[in-house]
Amino acid sequence: MAETGFIDHIGIGVPDLDATKEYYDGLMSVLGLRQWFERGAGDPLNYGPDGARGSQLFFYQAEEPGTYSRRETGLHHLAFLVSSRAVVREAHQWACARKAVILDEPQEFPQYGEHCYATYWLDPHGFKLEAVCHQPEES
């Protein structure tokens, strides 16, 4: 029987696919995600779990100019589930090294469940990103 009830993929339009590729190729390696499909000229970018089934993320070249705001109707943010708090901290350091706007330093967010540990920042397009782990600190 086929699995149902999970998001298979999300597609997002961006104003500059080449700049998006440069940024997300680096971030995805930190998060443990990889490109799933070979990509030809003009094809969307795609990322997913390394060697496992799970939600995938696609970036498409926007066909019309426009601006993005998480404060308007539409996408608010993307949260990447990672395997450890150490990866949350590594993602934060990666974002800081690229002079990203940091919204929240790595910390616990008990309002989102026991052991919720996350960091939030903005990507170059203004998308709010989150790296989150729901595990206690490794000893």
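Modeller: Let's start with a word you'll need: contact means heavy atoms within 4.5 Å. One caution before we use it: this is a predicted model, in which local features need pLDDT of at least 70 and side-chain atom pairs count only at pLDDT 80 or more, while totals for chains, interfaces and linings use all residues. Residues are numbered from 1 along each chain as its sequence is written, and side-chain values use heavy atoms, with hydrogens and water left out.

Colleague: Is Gln56 buried or exposed?

Modeller: The words go by relative accessible area: buried is under 20%, exposed is over 50%, and partly exposed is in between, with a 1.4 Å probe and protein chains only. Gln56 comes out at 12%, so it counts as buried.

Colleague: Tyr47 was on that list. Where does Tyr47 lie?

Modeller: In strand β3. With a relative accessible area of 3%, Tyr47 is buried.

Colleague: Which side chain does Tyr47 join through a polar contact?

Modeller: A polar contact is a pair of N or O atoms within 3.5 Å; within protein, one must be able to donate a hydrogen and the other to accept it, and residues adjacent in sequence count only if both atoms are side-chain atoms. Here the partner is Asp25, with 2.7 Å between the two side chains.

Colleague: Now the sheets. What is the strand order around β3?

Modeller: Two strands pair if DSSP finds at least two bridges between them. This open sheet has four strands, ordered β1-β4-β3-β2, with mixed pairing. β1 and β2 (33-35) are the edges, each pairing on one side only. Inside the sheet, β3 and β4 are antiparallel, with three bridges; Leu45 is bridged to Phe59, and Asn46 to Phe58. On the other pairing, β2 and β3 also run antiparallel over three bridges, where Arg34 has Gly48 as its bridge partner.

Colleague: What is the order in the other sheet of four strands?

Modeller: That open sheet goes β5-β8-β7-β6, again with mixed pairing. Its edge strands, β5 and β6 (102-108), each pair on one side only. β7 and β8 are antiparallel, joined over six bridges, and Leu122 faces Lys128 in β8.

Colleague: How does helix α1 sit on these strands?

Modeller: For angles, axes are lines fitted to C-alpha atoms (for helices over the stretch in contact), and values run from 0 to 180 degrees between N-to-C directions. α1 lies across β1, β2, β3 and β4, at about 10° to β3. α1 also lies across β5, β7 and β8, at about 10° to β8.

Colleague: How far apart are the end C-alpha atoms of α1?

Modeller: The expected span of a helix is 1.5 Å times one less than its number of residues. α1 has 15 residues (17-31), so it should span 21 Å, and its ends are 20 Å apart, which agrees. Just past the helix, Gly32 takes a positive phi of about 85°.

Colleague: Which residues touch the most other members of the largest nonpolar core?

Modeller: A nonpolar core is a set of buried Ala, Val, Leu, Ile, Met, Phe, Trp, Tyr and Cys residues joined through side-chain atoms within 4.5 Å. In this one, of 28 residues, they are Tyr24, Leu27, Leu31, Phe59, Trp121 and Leu129. α1 gives the largest share, seven residues. A second, separate core has five residues, among them Phe109 and Cys116.

Note on methods: Helix = DSSP H or I, 4+ residues; strand = E, 2+ residues; numbered from the N terminus.
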